[in-house]
2 protein chains.
Amino acid sequence: MTKNTADPPAPAAEPRWLQGGELTAWMSMARVMARLLPALERELERDADLNWMEYHVLAMLSEQERHTIRMSVLADRASSSLSRLSHVVRRLEHQGFVRREPDPGDGRYTLAILTPEGYEKLVASAPAHVEAVRRMVLDPLDPGELEGLGPVFDRIYAAVDAAERGR
Amino acid sequence: MTKNTADPPAPAAEPRWLQGGELTAWMSMARVMARLLPALERELERDADLNWMEYHVLAMLSEQERHTIRMSVLADRASSSLSRLSHVVRRLEHQGFVRREPDPGDGRYTLAILTPEGYEKLVASAPAHVEAVRRMVLDPLDPGELEGLGPVFDRIYAAVDAAERGR
DNA sequence: ACAGTGCACTTGAAGCTTCAAGTTGAAGCT
DNA sequence: AGCTTCAACTTGAAGCTTCAAGTGCACTGT
């Protein structure tokens with residue numbers, strides 16, 4: 001590292017670098033973030049021909065009463081822009097897994113609706129995906145270890161969310 | 001395939017679904033993974049006009065003796081395909097931040113070399129990025145909490161790596 | 001009643017990553 | 001020397017996300 005990690009008299013422009021332990025832990029975390037989702041997505045695409053976003057759109061729809069949800073609510077839950085979701089749903093619609101209707105109660109909203117074919121697709125795709133999550137995340141950890149981390153991630157998420165309010 | 005606890009008699013094809021606590025913790029983790037890097041990248045692009053990959057290529061080059069490294073080694077460290085790296089370095093080269101030369105010792109390798117302008121760019125960009133990492137990751141956690149997580153992420157990383165050997 | 005405003009999407013273009021083919025340099029074999 | 005093979009890139013096309021503009025529905029105030 002050519003970075004100046006010493007506290008003392010660095011030029012004012014020198015970055016306030018991370019402390020040793022923080023830095024290596026952050027690099028460990030960043031590596032995982034850069035690789036885990038793409039790895040899971042690769043398996044999804046190979047096994048089910050769905051990418052991460054498409055899979056989760058189907059999954060979230062399946063969790064709704066009537067398998068129906070407003071696009072804007074879905075975008076929020078999927079951590080997606082409305083634009084991205086719109087493109088994704090158009091693709092899923094062309095494949096027959098989802099259809100769209102204006103919300104009868106308020107025409108400004110659009111309802112995304114899971115079709116029976118879409119539900120079939122999800123049911124067929126889920127087991128391999130769950131297995132991959134176990135293999136890459138749960139199995140390498142001790143039993144119960146991930147549960148302990150849930151609140152930690154939730155706090156990070158809140159900070160990210162605060163930084164992006166009104167994106 | 002380890003802990004088949006005494007779950008109710010399910011059909012053989014039934015997936016090992018995630019248990020309640022596992023599931024919510026995994027969703028917390030997945031949400032962070034889906035949002036944190038894009039959020040950091042947004043700030044990088046806004047403040048420095050560099051994306052995540054470009055920034056880290058500059059950063060990794062700056063950590064090398066002579067600010068030089070083989071493309072294939074860089075690709076590995078950046079968790080990137082060689083193809084992706086090649087495109088990224090071409091862009092950085094056009095901006096004058098990096099240049100490439102064949103390795104004089106073995107013409108099959110290509111050396112990526114950080115230019116003075118590239119180093120300037122990194123020094124100018126790092127403080128805001130480090131600050132963003134602090135704000136979104138370090139600050140919401142207790143002091144020392146991230147350090148404890150380093151080994152956890154390393155174990156996950158090893159599992160991901162095992163799943164992707166020879167991609 | 002109706003122009004103005006604010007959302008909730010939708011669309012098209014641009015940029016980045018991925019995937020599949022190419023190139024090229026070195027080493028091994030004959 | 002020549003032939004084969006392998007690894008390290010490079011390149012171009014295709015697909016997905018992002019960004020910036022649209023479009024349309026409903027409410028607001030006059």
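B:Leu40 is a buried residue, as 22 other C-beta atoms lie within 10 Å. It belongs to helix 1 of chain B. The model in which this residue is found is a predicted one.

**B:Leu40 and its surroundings**

- B:Leu40 passes the cut-off for burial, which is 20 or more other C-beta atoms within 10 Å, because its own count is 22.
- When neighbours within four places in sequence are left aside, the contacts of B:Leu40 are B:Trp52, B:Ala132, B:Val133 and B:Met136.
- B:Leu92 stands 52 residues from B:Leu40 in sequence, and the two C-alpha atoms are 20 Å apart in space.

**Chain A as a whole**

- Chain A contains six helices and three strands.
- Along the sequence these elements follow the pattern α-α-β-α-α-β-β-α-α.
- Of the 167 residues in chain A, 30% are buried.
- Among the contacts in chain A with a separation of 6 or more, 46% join residues 24 or more positions apart.
- UniProt, in an unreviewed entry, lists residues 26-158 of chain A as "domain: HTH marR-type".
- In the model, the span of residues 26-158 of chain A is 68% helix and 10% strand, and its end C-alpha atoms lie 18 Å apart.

**Helix 2 and helix 4 of chain A**

- The axes of helix 2 (residues 52-62) and helix 4 of chain A come within 10 Å and cross at roughly 75 degrees.
- The two helices of chain A are therefore roughly perpendicular to each other, since that description covers angles of 65 to 115 degrees.
- Helix 2 of chain A contributes A:Met53, A:Glu54 and A:Val57 to the contact, while helix 4 of chain A contributes A:Val88, A:Val89 and A:Leu92.
- By class, the residues of this contact between helix 2 and helix 4 of chain A are five nonpolar, no polar and one charged.

**The contact between chain A and chain B**

- The contact involves 52 residues from chain A and 50 residues from chain B.
- On the side of chain B that touches chain A, the elements giving two or more residues are helix 1, helix 5 (116-138) and helix 6 (145-163) of chain B.
- That side of chain B consists of 32 nonpolar, six polar and twelve charged residues.
- B:Val160 is located in helix 6 of chain B.
- Apart from neighbours within four places in sequence, B:Val160 is in contact with A:Arg35, A:Leu36, A:Ala39 and A:Met136.
- B:Val160 counts as buried because 23 C-beta neighbours are inside 10 Å.

**The surface near DNA strand C**

- DNA strand C is surrounded by 24 residues, and the closest are A:Met71, A:Ser72, A:Ser83, A:Thr110 and B:Gly107.
- Helix 3 (71-77) and helix 4 (82-94) of chain A, and helix 4 (82-94) of chain B, each supply at least two residues of this surface.
- The surface near DNA strand C divides by class into six nonpolar, ten polar and eight charged residues.

**The surface near DNA strand D**

- DNA strand D is surrounded by 25 residues, and the closest are A:Gly107, B:Met71, B:Ser72, B:Ser83 and B:Thr110.
- At least two residues of this surface come from each of helix 4 of chain A and helix 1 (20-48), helix 3 (71-77) and helix 4 of chain B.
- The surface near DNA strand D has six nonpolar, ten polar and nine charged residues.

- Most residues other than glycine have a negative phi.
- A:Arg66, although not a glycine, has a positive phi of about 60 degrees.
- A:Arg66 is placed in the loop between helix 2 and strand 1 (68-70) of chain A.
- A:Arg66 counts as exposed because it has 9 C-beta neighbours inside 10 Å.
- B:Ser79, also not a glycine, has a positive phi of about 55 degrees.
- The loop between helix 3 and helix 4 of chain B holds B:Ser79.
- B:Ser79 is buried, with 21 other C-beta atoms within 10 Å.

Terms used: Residues numbered from 1 in each chain as written. Chains lettered and ligands numbered in written order. Predicted model: local features only at pLDDT ≥ 70, side-chain atom pairs only at ≥ 80, totals over all residues. Near = placed C-beta within 6 Å. Helix = DSSP H or I, 4+ residues; strand = E, 2+ residues; numbered from the N terminus. Nonpolar A, V, L, I, M, F, W, Y, C, P; charged D, E, K, R; others polar. UniProt positions renumbered as here; feature names shortened; annotations may be inferred. Contact = placed C-beta atoms within 7 Å. Axes fitted to C-alpha atoms, helices over the stretch in contact; angles between N-to-C directions. Parallel < 35°, antiparallel > 145°, perpendicular 65-115°, else oblique. Buried ≥ 20, exposed ≤ 12 C-beta atoms within 10 Å, placed from the backbone.
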